[in-house]
Structures are given as structure tokens and as C-alpha cells.
Amino acid sequence: MSMLFNEDSRVKISSMNFFTKKEFELLDRYKGKTCDRTIPEFANVYNVLSNAYTKVEEWANLIKDSLVKDGVIRIRKKPTSQASKFDGYLWAKIYPTKTDLDDKWLAITVGLDDDFHFDLKIDTVGLKNHQDLRKSYEKYRGDFYNSEIVIRYSFDEIADWDELIRKSTEAIIKLTKLYPEVKALKSDIETKISMDTLDEKEAFNTKTPVNQILYGPPGTGKTYSLQKDFFPKYTSKETLITKDHFFRSIISECSWWQVIAIALLDLKKAKVADIKNHLWVKQKTELSTTESVSPILWAQLQSHTIEDCEYVKVRSRQSPAIFSKTKDSYWEILEEEVKEQVPELFDYIDKVKNFDPDPDKIIKRYEFTTFHQSFSYEDFIEGIKPVMISDKDIASELQYRIEDGVFKKLCNDARKDLNNRYAIFIDEINRGNVSQIFGELITLIEPDKREGQPNEMFVQLPYSKKEFSVPPNLDIYGTMNTADRSVEALDTALRRRFSFVEMMPRPELLSPSAMYCRLLWKYEKVDWEDTEYKNKEKELFDFFGGELHEKRKGIWKNMKKEKNPSELSYFDGYKFTEINLQSILETINQRIETLIDRDHIIGHSYFMDIHSLEELTFVFKDKVIPLLQEYFYGDYGKIGLVLGKGFVGYIKPKEDLFPTFEYQGRDQLNEGYYKLIPIDENFKIKEAIDTLLNVKNKATNKN
């Protein structure tokens, strides 16, 4: 380590303006607040803190250039998080060597903290999913404010760049001597993590293919469950993939003309045969289902050729025009045009050449689609689509090409990466004509009929005439709404090939305690005095009729210690005297189940995150009542049995409606009827809810 850090070097002093007290004040005042840059106040704060980040970068570079010459700096340069909330710190990471950068778990960090301190520390990076290593580090570090690997200087004791660099030099020399000790923590822990991860990954990747449908009434969180519980299983951080896999993912993002352009940037001058054999083009060809790539190369080269090239006669050109052809049929690329029109091509080249995995970037191995009445076999498997093609003899003409659908594309991707599992998620699977969409593949999706399995089967696809099978590492998930009248579209053949998981309403998620717990976790990074949080908290407690006891802060402290956001009962002991969404949903569903059946009850998502009477009124007006109108075919009397007279009124028959005239059944023609009470600015939602719940009076409600 001593070879990497030069203690004798003198650090240069910056000519940049020094940090200001205002920058620290803004860090403290705006941390946790959402940054809407259309608002001048937030735009100004963003600009000031961005400028402060530039100073942090300068600070890190001065240290690196003189003391850590082999180091690599990584810095975000944005004062906001991915959720567009202001951070309470601005920092830069200094990786002492390229190896440390590749490991990406430990770095020396320099930055500003919202408590008016300059921090220099040995800190971990991206250990959210490696708690064992994180705990080992925290044990070594001890108390943050009394740790030998955390060195802090208050703003008041640092007068200028000269003072900051002098103290930073002392701190870095001290930290570098401790760095090997901290780095050594990884060896034992990493071995355990690697073994556990390998076992878990192997178990997941070798399991039997899943064909599963989540079903239940509307609003029970079926699609949400896919996003929260299933999507993460089929995603990888970029840091966990190989360079070859990363290369394939970049190629898949590129169009044909981009790949050709990158090849020519490397070759400088080449004929089509040479371009065809270039690594980028060969990889694109492997990922494509095109039988002959030469026509595509010719078409793309000619359509993106500059207008004044006399050796290309195609009339129809496309942007960007970056290619040219010589008299002896060599193709060239105009680098200046590339720099001006499509500079991102150089970024692609750099990403592949200098593979530097981004720990924040997610690589997904799944596709999400929604079935509907117009969704077809051609969209799902393969179909014939019209395209405009240019070749070297014909200017342009309308032709038809066989294009892969979403499922076939995913199958091809999965087949080339058998070490990982892939998945397709089909929302509202019963809204499409499933038998028609799946076609002959209805048999191939069975686990034992998959490619490589004991009873593997292949079919010849009708358009491409190619043999096709479903790989064993592809899982299929769907969601189904049981209240949808098209549910019978799922025939017996399909039902037999899927397992079904019922998802029913969870009213307990709407209890006052559950709602408050979710609010606390949502704002976990802000303090109690944050304006936005205080307003939300007061609004919620006014809505539920609870008191803001001081003991809630102790409960929240315990919640953070236990780190279990799924536990929502911490405030069950609180007394709430007004609206109880849990009781409302339970009451409505008991009545619907009695009047219709359990397939038509209402899910909890209709009432999630309601914090005011205005929001509750909106939910009943625009969501609950329209749904009940559909359920009961406009029978407002039955809607009244569900919601009560606060929402549905009775109109008495009019006296003397008809003239004097004898008619059999005359009295039955003039009967009373039920009518929805208009929900407008005069509507009293609280009284309507009391009626729905059979609450007689306020006193009864409080008892």
C-alpha cells in the first residue's frame, strides 16, 4: 500500500473559489425534500449545490493526483437522489487502485456533510445486498463520530483551500495505513457470501420452469406483486454480469446501422464482406434471426450514405448520413459527422472497451406485456410485418418481413444464457384470446416438454417454417381478474398447464397503524421537523382522529433498529376515533359477497395511501361507485344495500302522475326508485361513511 500513496508529494492548491457556509446551510435545510426544478427556488438550490459538487470533485482530484496517483475517482455530481430528493451530503469516492475499483466495495470518501463538516473516511460502497460484510465493516468502524477511519473537520476550522488540503493530506496518510486492515475484512466474509450466493443462484437457475397465474378480485395487488416480488428475481446488477454478457446487452440495444458504424469506425475502410466479419456485426448477427445479413448491410449502408456520394444511387436516404462509398466499392465512415450527429456511438465503444460495471444499473431478464382483445399470435410469437427495404439495385420498395414477437424474442435470449432464468409477465392474461395467442406453443410451455427435458418437443412455426421450442430457463407468469366477465376465455387446456395462486384483499394494510408505518418508512431519511413530512403526518392523524404523542418517536427509533418495513402493527395501541379504512373495506366486501360472490369483492389497493376526506371522496366517486354500477348492472337499490343511504337515496312515487284513466297495473308503473346521491362540493363524506358503517352518532363512533 505504501507504493500507492506518496506521502512526500506536495498537494497542489486549487484556484477555484472555496466552499461557502451557504452551501452547507442548503444541504441541511433541503435534505430529503423533493427537487422540482420548474420551481425557481429549487432550481437555484440545485445549481448552488451542483457547483459545490464541482468543488468536491476538485478536492478529490487534488488528493488523487498528488497522493494516490494510481487511484480512480467516481463522483455522482448530482445533489439529488434517483427519487429527485436532495441528499444531505456531497461526496467523491477515491479507489486507490484499478483493482479496488473493480471490487467496488471499499473506497476512501471525501465530501461535505449536512452537519457543517468536511468528512474523509474509509467507507463501503453498494453493500445493500451484502449485510454480513456491511456488519463486519460497521463493527470495525465502531461509533461513526469516534472512529479512527472517519476523520472530520468542522467548517469553522477550515479557512481556505490551503487549510483543507493540509489537513486532508494528514488524514489521507493516516487512512491509507488503515486501509489494508479494512480491506482484509472482505476475505472471510466474501467467501461465505460467494458460497451462499452460488448455492442460491444454482437452486434458482436449476429449478423446474414456473407457469403461474395470480388471480383474484380487482385491486388486490396482483400486478404490484409482480413488480415487487418477482421482477427482482429476474434482474442483475451490471456489476454481476460478465464482459461478454455486457457486450451482448449493448449490441441488443443497438440498431443495425449503429453496429455497422461502430465496425467502420474500427476498420476505417472496408468492403461489405469485411464489415460482415467484424466482431460487432457478427455478434449482432448471432442475436438476430435473419437468415442472410448481407442484404441488411447493403440496405443500411446505402440508406445512411451522404447525399453527394456519386457511387450510391439510392434515392431515399435516412438520418444520420454518415457513410460514403469509394469508386472501388470500399465503404468509409465520416468521423466528423459521427461526432456531430451521433456521438453516443463513441460512448458504446468506450463502454465495451473499458468495461466498468455501474452498480446502480439494472440488467433485466424479463419482459412485461398486457393481453387485450387485439393482441395476437403475430405479436406474441411471430408474424409478417411490412417494411421499406433498399438494396444496391432497387431504390426502395415495400416488402414484408417475418418479425419475432415478444415471447419468441425472449425465448431466443434465454436459450443463449442458460445459466440465468428469464421470465415473461403477462398482465390481464384472460383479456386476450389465449388459445389463439399461444397457438401451437400451448403444449411446448409444459415443464417436461421444454427444450432439453425428457419429453422435449419442437414445432414448426407457420411463418418462418423454423423448428422452435421453449427453453427450460424461461418462466411464465400471468395475472387474472376474477371479476372480469371474460374469465371463461381461459380454457381447460391452458388451466391445466398453469398453477394458480389466489390473491384476496388485505384490509389489515389499511389500518391506521399500517398507514402510519408506511408514511414513516417513506420519509425515513428526513427528520421530524421536515416541512413536507410534518404536513403529511398532521393530515394523516387528522384523517384518522389520532393524537401525535411524543412516544411515537421512540416507536420509530425501535422500528429503524428492527429494520422490518413489512411489520405494520407498531401503532395498534394508539386510539383513532375518526375514519378507519380497514373497517370500511371489510364492511363493503361482506355485503358484496352476500349479494354476489367472493370473486367480486374489492381489493385494498382502491383505498391505499388515502390521507384526507377529499381523497376518500374521490375514491368513492370515481372508483368504488362505478365498479358497483358495473357489478349490479345499474341496480341502485343493491348499491344502496352495500353503501347505505348516505350514497343512495330513494325517490318516492309522484302522486297524480297519470291522468284519470283506467289501466290494469297502473299503480305498479308509478313506483319509487333509487338514485345515486350526487357527490359534489356539498357532499358530506363523513356522514355517508358513518351511515355505511351503521354508526348511530359521534359518541358511538368514539366508543
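**Figure 1. Glu 428 in its loop.** At 22% relative accessibility, Glu 428 counts as partly exposed (buried means under 20% relative accessible area, exposed over 50%, partly exposed in between, with a 1.4 Å probe and protein chains only). The residue lies in the loop between strand E15 (422-427) and helix H16 (434-438); helices (H or I, at least four residues) and strands (E, at least two) are DSSP runs, numbered from the N terminus. Glu 428 is not a glycine, yet its phi is positive, about 55 degrees. This is a predicted model, in which local features need pLDDT of at least 70, side-chain atom pairs count only at pLDDT 80 or more, and totals for chains, interfaces and linings use all residues. Residues are numbered from 1 along each chain as its sequence is written, and side-chain values use heavy atoms, with hydrogens and water left out.

**Figure 2. Tyr 633 between H23 and H24.** Tyr 633 also has a positive phi, near 55 degrees, and is a residue other than glycine. With 66% relative accessibility, Tyr 633 counts as exposed. Most residues other than glycine have a negative phi, and most peptide bonds are trans.

**Figure 3. The cis peptide bond from Ser 319 to Pro 320.** Omega of this bond is near 5 degrees. Pro 320 is found in the loop between helix H11 (294-303) and strand E9 (323-325).

**Figure 4. Leu 581 in the largest nonpolar core.** A nonpolar core is a set of buried Ala, Val, Leu, Ile, Met, Phe, Trp, Tyr and Cys residues joined through side-chain atoms within 4.5 Å. The largest one has 55 residues, and those with the most contacts inside it are Leu 581, Phe 607, Phe 620 and Phe 647. Among the helices that each supply at least two residues of this core are H19 (512-522), H20 (531-544) and H23 (613-631). H23 gives the most, with 8 residues. Not counting residues up to four places away in sequence, Leu 581 touches Leu 510, Met 515, Phe 543, Phe 544, Phe 607, Ile 610 and Leu 616 (contact means heavy atoms within 4.5 Å).

**Figure 5. Contact of H19 with H20.** The axes of H19 and H20 come within 11 Å and cross at roughly 175 degrees; axes are lines fitted to C-alpha atoms, for helices over the stretch in contact, and angles run from 0 to 180 degrees between N-to-C directions. H19 and H20 are therefore roughly antiparallel to each other (angles over 145 degrees count as roughly antiparallel). Residues of H19 in this contact include Met 515 and Tyr 516, and those of H20 include Lys 536 and Glu 537.

How values were computed: Parallel < 35°, antiparallel > 145°, perpendicular 65-115°, else oblique.
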